[in-house]
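Subject: Structure handover and findings

Dear colleague,

Please find the structure below, followed by my notes on what was found in it. I would be glad if you could read the two side by side.

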Amino acid sequence: MKRRRILQGALALPALQGAATAQTAGSSTFAVDALPKLEVTGAEAVAAGDRRFFSEAQYKALAALCDAIAPATDASPSAVSAEVPEFLDFLVHESPAGTQKLYRDGLDRVARDGATAATLAPLTQPWSYQEPADPFARFLRQAKNDILTATANSKAAAEMAREQRRRGGSGTGYYWRSLD
């Protein structure tokens, strides 16, 4: 049983007791409306697939950026099939204001200019420990890191690795699941 269900049951117990005492003698059912409604928050929102942060144009730009940075290969799924845009929508929504501004501004530019080689040219610069001075280059660096990390740690990547290992190839097939 999931921890969430135990907590929901514990919260519903007083309501059920009240509903049971309020029953009429001839009735054998109680009102379902008496049960408390729990809000969906945090990581549960990712599973629900609700978009929380990006506008429609920003979300489409993020999906195009995911396709450009992490396309499907024989060894890994594409970022889009690994549901990375959905995850990043949740992650950025829960991030500090500076990260939110970086993503909004960067995705607005990708939406305006497209995910072309010219737009993504800052990604071809040699990597260094020092952050780029250009905000768009900082965005691309951060987005690339987030997209690749989310793709590699996705359920789709773990299933693909497990399938490769089953066929005699290499692959870990590890996927971190939530505790509940």
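**A buried loop residue**

L120 is found in the loop between α5 and α6, where helices (H or I, at least four residues) and strands (E, at least two) are DSSP runs numbered from the N terminus. This is a predicted model, in which local features need pLDDT of at least 70 and side-chain atom pairs count only at pLDDT 80 or more, whereas totals for chains, interfaces and linings use all residues. Residues are numbered from 1 along each chain as its sequence is written, and side-chain values use heavy atoms, with hydrogens and water left out.

With a relative accessible area of 12%, L120 is buried (buried means under 20% relative accessible area, exposed over 50%, and partly exposed in between, with a 1.4 Å probe and protein chains only). Leaving aside residues up to four places away in sequence, L120 touches L65, A68, A115 and L140, contact meaning heavy atoms within 4.5 Å. L120 and A137, which are 17 residues apart in sequence, lie 8.6 Å apart in space, C-alpha to C-alpha.

The loop between α3 and α4 holds S78, which counts as buried at 12% relative accessibility. Residues up to four places away in sequence again not counted, S78 touches A70, P71, A72 and T151.

The protein has 7 helices and 0 strands, and buried residues make up 26% of its 180 residues. Among contacts between residues at least 6 apart in sequence, 58% join residues at least 24 apart.

I147 touches L65, C66, I69, A70, A79, V84 and L88, not counting residues up to four places away in sequence.

**Helix packing**

Axes here are lines fitted to C-alpha atoms, for helices over the stretch in contact, and angles run from 0 to 180 degrees between N-to-C directions. Angles under 35 degrees count as roughly parallel, over 145 as roughly antiparallel, 65 to 115 as roughly perpendicular and the rest as oblique.

Helix α4 (residues 84-93) packs with helix α5 (residues 97-113) at an angle of about 135°, their axes being 9 Å apart, and the two are therefore oblique to each other. In this pair, L88, V92 and H93 of α4 meet T99, Q100 and Y103 of α5.

The angle between α5 and α6 is about 100°, with their axes 9 Å apart, so these helices are roughly perpendicular to each other. Here L102, Y103, G106, L107, R109 and V110 in α5 meet P135, F136, R138, F139, Q142, A143 and D146 in α6.

For α3 and α5, the packing angle is about 80° and the axes are 8 Å apart, which makes α3 roughly perpendicular to α5. The contact is made by A57, Q58, A61, L62 and L65 of α3 together with R104, L107, D108, V110 and A111 of α5.
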